Amino acid sequence: MELSFLSAVSFLVQHATVSNVLLFLAVFLLVGDYVKRKAPKNFPPGPFSWPFIGSLPSFDVRELDVVIGKMSEKYGEIIGMHIGSTKVVIINGLQTVKEAFVQQGDSFAGRPTPPLIKDLFKELGVVHSNGHNWKQQRRFALSTLRNFGMGKRSLEERINEELRYLTDEIEEEKGQPFDPHIYINSSVSNVICAITFGDRFDYQDPEFQEILHIIGNMSKLHETLTAQLYNVFPQIMKHFPGSHQQLFRYQNILEMFIRKSVLKHRDNWNPSEPRDFIDCYLTEIEKFKDDPSSCFDEDNLVQSTLDLFLAGTETTSATLQWAILYMAKYTHIQEKVQEEIDRVLGHARQPLMENRKSMPYTNAVIHEVQRFSNIVSIGVPRLTTNDATVGGFHLPKGTIVIPNFTSLLFDQNEWKTSDTFNPENFLENVEFQKREAFVPFSLGNRVCLGEQLAKMELFLYFTSLLQRFSFKAPKDVQLGVGNLMSVPL
């Protein structure tokens with residue numbers, strides 16, 4: 001073997017031309033790429049894998065759930081492929097997702113860090129970290145959120161206080177057409193701001209609105225072509241302009257915003273009287289400053305705070321805007337919700353979470369909004385931390401696993417009417433019925449840590465808004481998420 005290789009090198013040297021050298025390099029690179037991308041035994045079937053870029057041409061990230069749906073019709077519920085040289089598996093269907101994320105939770109608890117994610121978030125914080133660091137950050141974030149009222153009456157009071165600011169702003173519109181996006185986005189964000197920063201922002205605060213604008217744009221930029229190419233050719237794309245460069249600029253602005261708040265907290269920090277998440281984290285840094293195994297430092301503080309800020313703003317705000325849209329579109333459902341609110345709460349009493357049990361129809365409508373709007377149609381990817389078997393297929397350690405939640409939320413076998421907006425999907429004999437295929441917060445070890453906060457916000461916001469207002473589209477205007485009219489009851 002060694003002799004033949006030396007002979008090949010000797011032949012190349014003796015007959016060295018530019019074309020021969022280029023041909024040799026091309027063959028060498030192709031063979032090396034093929035070895036990297038060679039599927040292991042019993043790997044799931046999937047689309048054709050091109051040299052170097054893998055199955056990337058098969059994806060349209062703007063309609064990823066549609067593309068995956070067509071793939072599952074061809075290849076089945078478990079689809080295997082390569083993005084570049086990275087093994088990727090997409091899983092569909094309730095039983096398959098449960099088999100992976102619930103029954104083998106520890107093996108699917110990793111988070112992949114492709115080059116763009118790694119360079120943006122540096123494997124810090126709660127969402128994009130792994131191993132010991134992730135466990136420490138998640139455990140601390142969960143306990144701190146609970147201490148500051150997640151699931152408790154104290155947080156309900158804080159949310160209802162913020163709701164008063166929101167309803168006052170809407171009433172100022174005096175029933176004229178307006179775009180609810182800024183009001184709702186600002187109000188929802190202020191809830192997580194109160195928990196993380198200890199204060200709220202005025203809706204017209206220019207810095208606050210710039211931050212919310214950045215948050216809204218970042219997810220769109222992740223879907224662009226240059227962002228995807230960065231993950232395949234990071235060393236090359238670093239030197240080219242494109243949307244990926246805007247992502248880095250945005251990330252820097254967000255980090256500076258958090259660091260400025262951390263600096264203010266340090267100036268008047270009292271460990272015995274923590275005011276918010278940042279205060280608690282500063283105490284944790286001081287507590288474990290001499291522990292070499294500790295991952296509590298300012299960089300993790302900044303990213304963990306940013307993770308909570310991002311997660312606590314965009315998804316809940318978007319869901320509430322869809323809720324307004326559906327109520328404006330399906331006025332008979334809106335009227336039925338308001339009848340239940342009138343019966344249980346009346347016009348003056350603010351809703352509390354304890355009222356939810358007495359309001360099955362309202363609860364069903366909120367859940368149907370989450371199901372039908374399908375905000376997170378494709379779940380945040382996981383990474384196998386061990387070799388695993390799902391559906392009889394082998395998934396080696398280090399495989400990226402992407403759950404297709406659309407396949408659960410729109411499964412015709414799981415819902416009474418999967419393709420239409422229908423609160424009856426969550427009702428049995430006029431009582432609210434939990435559904436196993438309802439997974440807007442994901443499953444397993446990486447389930448959304450803000451799930452309880454989001455559920456509380458959705459119920460209190462939706463109920464309060466429908467208690468005070470009726471929503472409809474302006475006359476002769478095509479109904480959309482913007483351009484809605486509120487009419488005080």
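Which annotation in the unreviewed UniProt entry covers C448? The residue carries the label "binding site" in that record, where feature names are shortened, positions follow the numbering used here, and annotations may be inferred rather than shown by experiment. The structure is a predicted model, in which local features need pLDDT of at least 70, side-chain atom pairs count only at pLDDT 80 or more, and totals for chains, interfaces and linings use all residues. Residues are numbered from 1 along each chain as its sequence is written, and side-chain values use heavy atoms, with hydrogens and water left out.

C448 sits in the loop that links β9 (431–432) to α19 (451–468); helices (H or I, at least four residues) and strands (E, at least two) are DSSP runs numbered from the N terminus. C448 is partly exposed because its relative accessibility is 33%, whereas C295 is buried because its value is 14% (buried is under 20% relative accessible area, exposed over 50%, partly exposed in between, with a 1.4 Å probe and protein chains only). Taking a disulfide as a pair of cysteine sulfur atoms within 2.5 Å, the model has 0 disulfides.

Attention now turns to a pocket. The lining of the second largest pocket comprises 21 residues, with R356, H367, F432, K434 and K455 nearest its centre (a pocket is an open set of points on a 1 Å grid over the protein atoms alone, where a 1.4 Å probe fits, with protein on both sides within 12 Å along at least five of seven lines; lining residues have an atom within 4 Å of a point). At least two lining residues come from each of α17 (360–373), β9 and α19, and α17 gives the most, with 3 residues.
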